[in-house]
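Good morning, colleagues. Thank you for making time on the agenda; please look at the sequence and the structure as I show them.

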Amino acid sequence: YLLRDLDNRLVQQIKLDQSPYQVHHRHLMKIDPQGEYLYATCSKVGDHGEKHYDAGGRVCRYKLDGKTGKWEEVFAVQQSSKEIFSLQDLDVNGQGDVVIIHRGHHPQSIWKYTASSRNVEFVTRATFDVVVPFLGAPLLSPDSRWISFSLRSELHLAHHKGARP
């Protein structure tokens, strides 16, 4: 993965496979608002037992400082090698909080990571009665109190407990 500036000069070369982590879906990577870190879905050696999947149940980040660095794990939703997770469509705010969609199996679900507490929590899922349960385009507000996402081509908002609409 090559990181270039606006004049197309090479700033940093980032390897996607750095033991013990492997980054997935490079087209879904996201830079935080300050431009300090590149976030991506990843998996860790042993996450899938003997099987190999092109999907991850973790989120990793890479420091964008122009130096040779390593991917570091931010959080994991997957708790055992028997769980198949496919995290995609992440968004990150200036506090390092992350919202992400799990598309591994139905129903699809949204998860949120809060950097200050290092807490990962389930937010919502598409219901089974939805013909096409496609969650998409999750965005996290700057203060982390609101998450917007699409479901069946409709815009939805979820708010943190105590937040006023």
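First, the basis. This is a predicted model, in which local features need pLDDT of at least 70 and side-chain atom pairs count only at pLDDT 80 or more, while totals for chains, interfaces and linings use all residues. Residues are numbered from 1 along each chain as its sequence is written, and side-chain values use heavy atoms, with hydrogens and water left out.

Four strands form an open sheet in the order 9-10-11-12, and their pairing is antiparallel. Strands here are DSSP runs of E with at least two residues, numbered from the N terminus, and two strands pair if DSSP finds at least two bridges between them. Strand 9 (87–92) and strand 12 (119–125) are at the edges with a single partner strand each, so one side of each has no neighbour in the sheet. On average, neighbouring strands of this sheet are turned by 20° against each other, direction ignored; the axes behind this angle are lines fitted to C-alpha atoms, and angles run from 0 to 180 degrees between N-to-C directions. Within the sheet, strand 10 (residues 98–102) and strand 11 (residues 109–114) run antiparallel and are joined by five bridges. In strand 11, Ser109 is the residue opposite His102.

I turn to the disulfide, meaning a pair of cysteine sulfur atoms within 2.5 Å. The structure has one: the sulfur atoms of Cys42 and Cys60 are 2.1 Å apart. Cys42 belongs to strand 6 (residues 37–44) and Cys60 to strand 7 (residues 58–63), so the pair ties together parts 18 residues apart in sequence. The torsion about the S-S bond is about 70°, so this disulfide is right-handed. Is Cys42 buried or exposed? Cys42 is buried, at 0% relative accessible area, and Cys60 also counts as buried, at 0%. Buried means under 20% relative accessible area and exposed over 50%, with partly exposed in between, using a 1.4 Å probe and protein chains only.

Finally, the cores. A nonpolar core is a set of buried Ala, Val, Leu, Ile, Met, Phe, Trp, Tyr and Cys residues joined through side-chain atoms within 4.5 Å. The largest has 14 residues, of which Tyr39, Val59, Phe75, Val98 and Ile100 touch the most other members. Strand 9 gives the largest share, three residues. A second, separate core of 13 residues includes Leu3, Leu16, Met29 and Ala40.
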